[in-house]
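Hi,

Here is the model I promised to pass on to you. Please have a look at it first, and then read on for my notes.

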Protein chains: 4
Amino acid sequence: MEIKHINHPPTILNRYIAELRDIHIQKDPLRFRRNLERIGEIFAYEISKTFTFKEQEVKTPLGVATEFLHEEEIVLASILRAGIPMHNGLLNYFDRAENAFISAYRKYTEDGEFDIHIEYISAPDLNNKVLILTDPMLATGSSIELSYKALQKNGKPAHIHIVSIIASQAGVDYVRNMLAGEPVTLWLGVVDEELNAKSYIIPGLGDAGDLAYGSKL
Amino acid sequence: MEIKHINHPPTILNRYIAELRDIHIQKDPLRFRRNLERIGEIFAYEISKTFTFKEQEVKTPLGVATEFLHEEEIVLASILRAGIPMHNGLLNYFDRAENAFISAYRKYTEDGEFDIHIEYISAPDLNNKVLILTDPMLATGSSIELSYKALQKNGKPAHIHIVSIIASQAGVDYVRNMLAGEPVTLWLGVVDEELNAKSYIIPGLGDAGDLAYGSKL
Amino acid sequence: MEIKHINHPPTILNRYIAELRDIHIQKDPLRFRRNLERIGEIFAYEISKTFTFKEQEVKTPLGVATEFLHEEEIVLASILRAGIPMHNGLLNYFDRAENAFISAYRKYTEDGEFDIHIEYISAPDLNNKVLILTDPMLATGSSIELSYKALQKNGKPAHIHIVSIIASQAGVDYVRNMLAGEPVTLWLGVVDEELNAKSYIIPGLGDAGDLAYGSKL
Amino acid sequence: MEIKHINHPPTILNRYIAELRDIHIQKDPLRFRRNLERIGEIFAYEISKTFTFKEQEVKTPLGVATEFLHEEEIVLASILRAGIPMHNGLLNYFDRAENAFISAYRKYTEDGEFDIHIEYISAPDLNNKVLILTDPMLATGSSIELSYKALQKNGKPAHIHIVSIIASQAGVDYVRNMLAGEPVTLWLGVVDEELNAKSYIIPGLGDAGDLAYGSKL
């Protein structure tokens, strides 16, 4: 498993992350969602640098041009509900991709073990495709783990890109350990040091789902 | 329950519905989603005509203006996954709304009865709010019914707007019967006559979820 | 010439106008431009209610549908530079329209008379088309007058829609007088009473061009 | 003067360029403009990698984060009318930038010499700012030259980025020669070999302005 830090070198992306974090600016949900969307677009662009490109001819009104176009079939998967604005951004750039939406949680048995319970999944056949799985926050790594495992029932992708804007160091370590040896790239915006007792990333930004879509019961 | 037909008089909305239906144009998923989004925006605008407005003062750089602004607290709810592009459109216009996402199905018992099983729900307190529930296709009315009932656990809205682009006559009748006497407005783009044995609206447009997001296993 | 007030009954549009005016909210240029764009979309939708619609058949994957589609050929014209965000909004809805951009001013001669000097114009043939001319602020009416006259060199439209968000009463009177008897509809958001000595609308919103794009030398 | 080719390594950007060129796909003006806009966004992102970043503290709901944010003041300038969709894309990403719009042509005198005639210009003070000047096609280099010189009246930028999607080799040579020794970076999508007698790039894509906005008289 490879880890890529998208904020080295720094870019305008940092501004969007700063705005997501900023306790005053994040009060505007339109701008909050727009920042998630723009970051999704930038991840899409950077991920596309890893694709394989093949020469194709394109007929223009004035001649024939040669362009190098990627051949991968892409599936964009996001974890409900906080992943939707980033999903929209990724889809802005990969506008012909297939899409998956997923929600999963741990269902504990009496002896303290747990099964992965898939609450909701809508996903295509994943065999030999490039899967891009997105969750804006990588806190404990549990959501990514559950979604990753749930999606495996739909086939074996050629490669998996996991995308998070803000991660905790503990979450990165957990995912790295879990996916060691797998054909996975973990794309990160920034890594914050601390994960508090309630599994919130510190300094983080708070609850991305609530900030994008309002609180829920 | 009141029914409002948004395509009388005809408007540019008809063009978007025609493009959603068109077997050639619907092959472009970017345009397909964009049409769902634009239609969501137009429904938002038309629904806002039913709101209650109150005079408020606004300080401009050159003086003080008086504007009539609505006071309703709005919750946008959409049925997964086909409702997301319309949800995005409604949220483009009601950018400070709270949001709900829902997936529900009928779970049959041995004796042929069924419970409403909520697969996924993320919703705020709904008491005294204006709930706008959206599903692009109203075929049998079953999805709307299940979502409507599932959302009731979160409180009693002051008013509920149900929004569908293409409905079958059977679906309209079903919903009207189910919601008789309730504080509900059903907003419709067009009503098609037929519902086939597989519960597809004819001529309809096919499967809105697949056309927006690709097929699923 | 007909005048249509788009904020009767009040709608969510009022919120966008209030935000454009608000001395605090208008400091966010992204939201300022977005409000101009959304208002452009709503004007497009309301204008489309005046079009002539003709039955057309559309082939769906499951049958043949009949839709009423407009037949007008539309040209969107905006006055530089403040008209561009509204132009973008109108174009979001009339996505197959032709487009015109214009800048014009009065060039005075020694005897105090003036010619209309077209600084910049890019416009198609306008004969028999529906021309939608947009400027967010209608202050004195001079910009609209100059642009209107400059565009006449490109042919005689079947109908002209002039669109402004905030107008002064003096500007409305001026345009009404100038265009009496012409096939023109003037679409207005709100009308403010006062026009100050510097030709600013009071309370208005300040300078729409500067707020959208920054000050200029 | 430095030249940067943004399509090495290849990315999803190539797909957008291929769609702009494609004689069938370019018939959809919504997609054509959207591709120009997306390419503008990607140029914005890549250009931001050249900025200078400085540590700043951001207060989150849960703590204090440190982000590296750029300090440059940005001015986006585009050549009318074909530059507007790319301008919109650059502005999507640099949403707090100042903006300039310009149109200029050569006005010949009787002795065959010419002056630069500025048809339209709206631009802020440029001193010490980062100017990003955009024109989708770099054919002869004449439009860029005229706009560049016209903008000089507004001050001396700290750095100038010139952005074109498709350039001719002759145009690149012309601009390189003209701007030798200047603090300028020329950003290019692709370079086509030929420039025909009518100054069209071959294979190019045709007329970007007409494809985005319709033909003009």
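The contact between chain D and chain B is made by 5 residues from chain D and 5 residues from chain B. Keep in mind as you read that this is a predicted model. About 430 Å² is buried between these two chains, and carbon and sulfur atoms give 50% of that area. On the side of chain D, the residues that lose the most area to chain B are D:Asp28, D:Leu30 and D:Arg31, which together make up 86% of what that side buries.

Charge is a theme at this contact. The rule finds 2 salt bridges across the interface of chain D and chain B. By class, the side of chain D that touches chain B has 4 charged residues, 1 nonpolar residue and no polar ones. In one salt bridge, the side chain of D:Arg31 meets that of B:Asp28, with N to O at 2.7 Å. As for polar contacts, 2 residue pairs are counted between chain D and chain B, with both residues at pLDDT 80 or more.

Which residue of chain A also pairs with D:Arg31? The partner is A:Asp95, and the closest N and O atoms of this salt bridge are 3.1 Å apart. This pair crosses between chains: A:Asp95 sits in the loop between helix H3 (84-93) and strand S5 (98-108) of chain A, while D:Arg31 belongs to helix H2 (residues 29-48) of chain D. D:Arg31 therefore has a salt bridge to chain B and another to chain A, because side chains of opposite charge can pair when their charged atoms come close. Over all chains, the structure holds 56 salt bridges.

Finally, a word on chain A by itself. Chain A has 6 helices and 12 strands. Its radius of gyration is 18 Å, close to the 17 Å that the globule rule gives for 217 residues, so chain A is as compact as a globular protein of that length. Along the principal axes, the C-alpha atoms of chain A fill a box of roughly 65 × 40 × 30 Å.

Best wishes

Technical notes
Residues are numbered from 1 along each chain as its sequence is written. Chains are lettered from A and ligands numbered from 1 in the order in which they are written. This is a predicted model: local features need pLDDT of at least 70, side-chain atom pairs count only at pLDDT 80 or more; totals for chains, interfaces and linings use all residues. Side-chain values use heavy atoms; hydrogens and water are left out. Contact means heavy atoms within 4.5 Å. Buried area is the accessible area (1.4 Å probe) that two parts lose on being put together, summed over both. A salt bridge is a side-chain nitrogen of Lys or Arg within 4 Å of a carboxyl oxygen of Asp or Glu. A polar contact is a pair of N or O atoms within 3.5 Å; within protein, one must be able to donate a hydrogen and the other to accept it, and residues adjacent in sequence count only if both atoms are side-chain atoms. Ala, Val, Leu, Ile, Met, Phe, Trp, Tyr, Cys and Pro count as nonpolar, Asp, Glu, Lys and Arg as charged, and the others, Gly among them, as polar. Helices (H or I, at least four residues) and strands (E, at least two) are DSSP runs, numbered from the N terminus. The radius of gyration is taken over C-alpha atoms; the globule rule is 2.2 Å times the number of residues to the power 0.38.
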